[in-house]
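Please read it alongside the sequence and structure shown here.

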Amino acid sequence: MRSFWAALSFLTRIPVPIRPTGGDWIRGTLFYPVVGLIIGLILSLFDWGIARHFPSLVRSVLDLSLWVFLTGGLHLDGLMDTADGFGAHRNRSQTLAVMKDSRVGAMGALAAILLLMLKGSALASFQKEMWIPLIVAPVAGRMAVLLGIFSFPYAREQGIGTGLQRALTPLRFIVSFFIGSGIILYITGWKGLLLLAGAGVITGWLAVVAMKRLGGLTGDLYGASVELTEAGVLLLWLWTGSH
């Protein structure tokens, strides 16, 4: 349970009853899809509560605002840092330095604005059963992090990713991935296979780009993979609903 509370504390702003230790943080990867499910359930309940009171556009902005609040903008910050670093067109060491800089540049701001617009417009376009993508997208996003941690090297010599990779054993990865896949397939049926494949493609594409540029992934790229996967799942669910 300490590992679960650590994962919930790390990935969200939800208060937890304990103060996790370093080992708890690292072992918490097992529960990442479960944390995604909790985020999705909160979003779904919130959306159900406001659905009758606001038009679809306002409703989607409120849902998205809560979504960002629940995560504390953690993954969005990673996306912005990644966009700044890769948009600078510099060598490996300079790119890593730009990504580590806490200041947000033009590329990072543009990436965040465009992604939030994409997510918000997708949410506003759902005509029914919005609870499904609101749950599935956060779960798939946390599975993308697991795939990145397990399958690709960490680009920095030191950082949170090194500890996460040591702790994410093949057994933990399989169990966690099985949990996330089970949640998605249970909710969506056969369409979940398409969503899982899409999430894998997005994560794989981002990782290939990062490998060429940096020789591995970073914490910022983990965050970027969450945001891009969530947006991709929303678009895929919207697309499958129109076909």
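Leucine 114 sits in helix α7, which spans residues 106-125. The model is predicted. With a relative accessible area of 56%, leucine 114 counts as exposed, because the cut-off for that class is over 50%. Leu114 also belongs to a nonpolar surface patch.

**Surface patch**
- The patch is formed by Met107, Leu110, Ile113, Leu114 and Met117.
- Together these residues have about 510 Å² of accessible area.

**Cavities**
- Two cavities of 30 Å³ or more turn up when the whole structure is searched.
- The largest cavity has a volume of about 60 Å³, and its lining consists of Trp67, Val68, Thr71, Gly73, His75, Leu76, Lys119, Arg142, Glu227 and Glu230.
- Two or more residues of that lining come from each of α4 (56-71), α5 (74-87) and α12 (219-241), with α4 giving the most, three residues.
- By class, the lining of the largest cavity has four charged, three polar and three nonpolar residues.
- The second largest cavity holds about 30 Å³ of space and is lined by Ala144, Gly148, Thr203, Leu206, Ala207, Leu217, Leu221 and Ser225.
- For the second largest cavity, α8 (131-151), α11 (191-214) and α12 each supply at least two lining residues; α11 gives the most, with three.

**Largest pocket**
- About 360 Å³ of space lies in the largest pocket.
- Its lining has 16 residues, and those nearest the centre are Leu79, Ala83, Trp205, Leu206 and Leu228.
- Helices α5, α7, α11 and α12 each give two or more residues to this lining, and the largest share, five residues, comes from α5.
- The lining of the largest pocket divides into 14 nonpolar, two polar and no charged residues.

**Second largest pocket**
- The second largest pocket has a volume of about 240 Å³.
- Among its 15 lining residues, Phe10, Leu74, Gly219, Tyr222 and Gly223 lie nearest the centre.
- The elements giving two or more residues to this lining are α1 (2-11), α5, α9 (160-167) and α12, and α12 gives the most, with five.
- Two charged residues are part of the lining of the second largest pocket, together with nine nonpolar and four polar ones.

Methods
Residues numbered from 1 in each chain as written. Predicted model: local features only at pLDDT ≥ 70, side-chain atom pairs only at ≥ 80, totals over all residues. Heavy atoms only, no water. Patch = residues over 30% accessible without salt bridge, like charges linked within 9 Å, V, L, I, M, F, W, Y side chains within 5 Å. Areas by Shrake-Rupley, 256 points an atom, 1.4 Å probe, with all protein chains shown as cover. Salt bridge = Lys/Arg side-chain N within 4 Å of Asp/Glu carboxyl O. Helix = DSSP H or I, 4+ residues; strand = E, 2+ residues; numbered from the N terminus. Buried < 20%, exposed > 50% of the residue type's maximum accessible area, 1.4 Å probe, protein only. 1 Å grid on protein atoms, 1.4 Å probe; cavity = no way out; pocket = protein on both sides within 12 Å on 5 of 7 lines; lining within 4 Å. Points joined across faces, edges and corners; volume = space filled by probe spheres on them. Nonpolar A, V, L, I, M, F, W, Y, C, P; charged D, E, K, R; others polar.
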